Amino acid sequence: MVLAVNHQSIRVAVIGAGSWGTTVASLAAENTPTVLWARRTELADAMTRTRSNPDYLGEFSLPESLQFTADMSHAVGDADVVVMAVPSHGFREVVAEVARFIRPWVPVVSLSKGLERSSLKRMSEVVADEIPGHPVAVLTGPNLAKEIMQGQPAAAVVSIKDKVIADELQKIFSRPTLRVYTNPDIVGCEVAGVVKNVIAIASGMAAGMGFGDNTRATLITRGLAEMTRLGMAMGSDGYTFAGLAGMGDLIATCASTQSRNNTVGRRLGEGETITDILQSMTMVAEGVKSSPAVLDLARRYSVEMPITEQVVAVCHEGRSAADAVAHLMQRRRRSEIG
C-alpha cells in the first residue's frame with residue numbers, strides 16, 4: 001500500500017488507551033485526524049468530557065482534535081493507519097477484533113514490547129497471522145510517556161521495510177520535540193524492545209539492593225550484549241542495538257523511576273514478593289510476562305542469556321534477588337568479546 005502524500009488526509013486509529021497509547025494518539029492528533037479506542041465505554045466518555053485520561057495521564061490535557069470511542073468499528077472502519085497499543089498478553093485477541101473492521105492493505109503499527117507466551121512470536125508476527133496481507137510497522141525507542149507528553153526533547157524509531165510507508169509514518173508521529181527516525185530492521189527493533197524490559201528488571205533489582213552505578217552500568221552493558229546476541233541470531237542488523245531501539249531504550253528503561261519494569265525490579269531488590277508487587281500495580285510490566293518467552297526463544301536459537309535466566313528465576317521460580325546476583329557473579333570466566 002502507498003499512503004497519501006499529504007499526511008493531513010490520513011486517518012489514524014490508536015487501539016488501546018493506556019499511557020503510551022494515549023501519548024501516541026496525542027502526537028498523531030496534532031498532525032492528522034486521530035481517534036483513540038478505549039476498551040471501556042466509561043473511559044472513552046470520561047476522556048471526551050474532560051479532555052484527559054483520568055486512569056493514566058490525568059495531569060495532561062489532550063488535543064481538542066483527538067476523538068475517543070469504545071466502538072471498534074467506528075475506530076477502525078475508516079482508518080488509513082491502525083496503531084496497536086495493547087499489552088502482548090492480550091494482543092492477539094484485540095488484533096482479531098480489529099481484523100473484522102479494517103480495510104484492505106491498511107498498515108498496522110505495533111507499540112507493544114513483548115512476546116506471545118504460547119508461540120514466542122513477536123507482535124508483528126501476530127498481526128501477520130490475524131490480518132494477513134497488511135504492512136506491519138513498529139514504533140519504538142526511549143519514550144517514557146510522561147516526558148513525551150511534557151514536550152521534553154526525545155527521539156523514536158519507526159521500523160518497516162517499505163520506505164514509502166516508513167516516511168509517511170515518520171511524518172504522522174513527528175513533533176517539534178519528538179524526532180522520529182526510520183529503520184528497516186523490524187526484527188531487531190522488536191527484539192530490542194522485548195529484551196530491554198527484562199534487563200530493566202535486573203537493573204531495578206540492583207538498585208533496590210542498594211548497589212551503585214558500577215553495578216547498574218555492568219548490567220546494562222551485559223544486557224545489551226544479550227539483546228544483541230539474540231537479535232543477530234534471529235537475523236537482525238547489529239547496528240540496530242547500538243541505536244535508539246536498542247541502547248537508547250535500554251538506558252531510559254533501566255535508569256528511570258517511571259519505568260514499570262525497573263520499578264518491579266527495585267521492589268524485588270528491596271525484598272517484596274513478585275505476587276504482592278503485581279497485585280499493587282494498575283499497569284502491565286511487560287518484562288515479567290515476557291521473560292520466560294525470551295529465555296525460551298534464546299534456547300531455540302542456542303543463545304546464552306544469563307541475566308535473563310536470573311530474572312526468570314526471581315520472577316517465576318522463587319529465587320531471591322541476592323541469590324540471582326551471586327549466580328551472575330560466580331559464572332565461569334570468559335572473554336568479553338564473542
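Begin by selecting Asp 55 and Arg 40, whose side chains meet in a salt bridge with 2.2 Å between N and O; keep in mind throughout that this is a predicted model. The two partners belong to distant parts of the chain, 15 residues apart, with Asp 55 in the loop between α2 (41-50) and β3 (67-69) and Arg 40 in the loop between β2 (34-37) and α2. Asp 55 counts as partly exposed at 38% relative accessibility, and Arg 40 is likewise partly exposed, with a relative accessible area of 35%.

Next, select Glu 64 and Arg 51, which form a salt bridge at 4.0 Å, N to O. Both residues lie in the loop between α2 and β3, so the pair ties together parts that are 13 residues apart in sequence. Color these two by accessibility: Glu 64 is exposed at 64%, whereas Arg 51 is buried, with a relative accessible area of 15%.

Then move to Lys 146 and Glu 59, a salt bridge in which the closest N and O atoms are 3.5 Å apart. Because Lys 146 lies in helix α6 and Glu 59 in the loop between α2 and β3, this pair ties together parts that are 87 residues apart in sequence. Lys 146 is partly exposed, with a relative accessible area of 34%, while Glu 59 is exposed, at 51%. A further selection, of Arg 92, Glu 116, Lys 121, Asp 129 and Glu 130, shows one network joined by salt bridges that share partners. In total, the structure holds 21 salt bridges.

Now color the chain by the domain assignment, which gives domain 1 (12-184) and domain 2 (187-330). Their contact takes 28 residues from domain 1 and 31 residues from domain 2, and the C-alpha centres of the two domains lie 24 Å apart. About 2,300 Å² is buried between them, with carbon and sulfur atoms giving 63% of that area. On the domain 1 side, select Lys 113, Leu 120 and Arg 122, which supply 26% of the area that domain 1 buries against domain 2, more than any other three residues.

Which residue forms a salt bridge with Lys 113? Select Asp 249, where the closest N and O atoms of the pair are 2.7 Å apart. Between the two domains there are three salt bridges, and nine residue pairs are in polar contact.

Finish with the elements of domain 1 that touch domain 2: α5 (123-130), β6 (136-140), α6 (145-149), β7 (154-159) and β8 (178-183) each supply at least two residues, and β7 gives the largest share, four residues.

How values were computed: Residues are numbered from 1 along each chain as its sequence is written. This is a predicted model: local features need pLDDT of at least 70, side-chain atom pairs count only at pLDDT 80 or more; totals for chains, interfaces and linings use all residues. Side-chain values use heavy atoms; hydrogens and water are left out. Domain bounds come from an automatic or database domain assignment. Contact means heavy atoms within 4.5 Å. Buried area is the accessible area (1.4 Å probe) that two parts lose on being put together, summed over both. A polar contact is a pair of N or O atoms within 3.5 Å; within protein, one must be able to donate a hydrogen and the other to accept it, and residues adjacent in sequence count only if both atoms are side-chain atoms. Buried means under 20% relative accessible area, exposed over 50%, partly exposed in between (1.4 Å probe, protein chains only).
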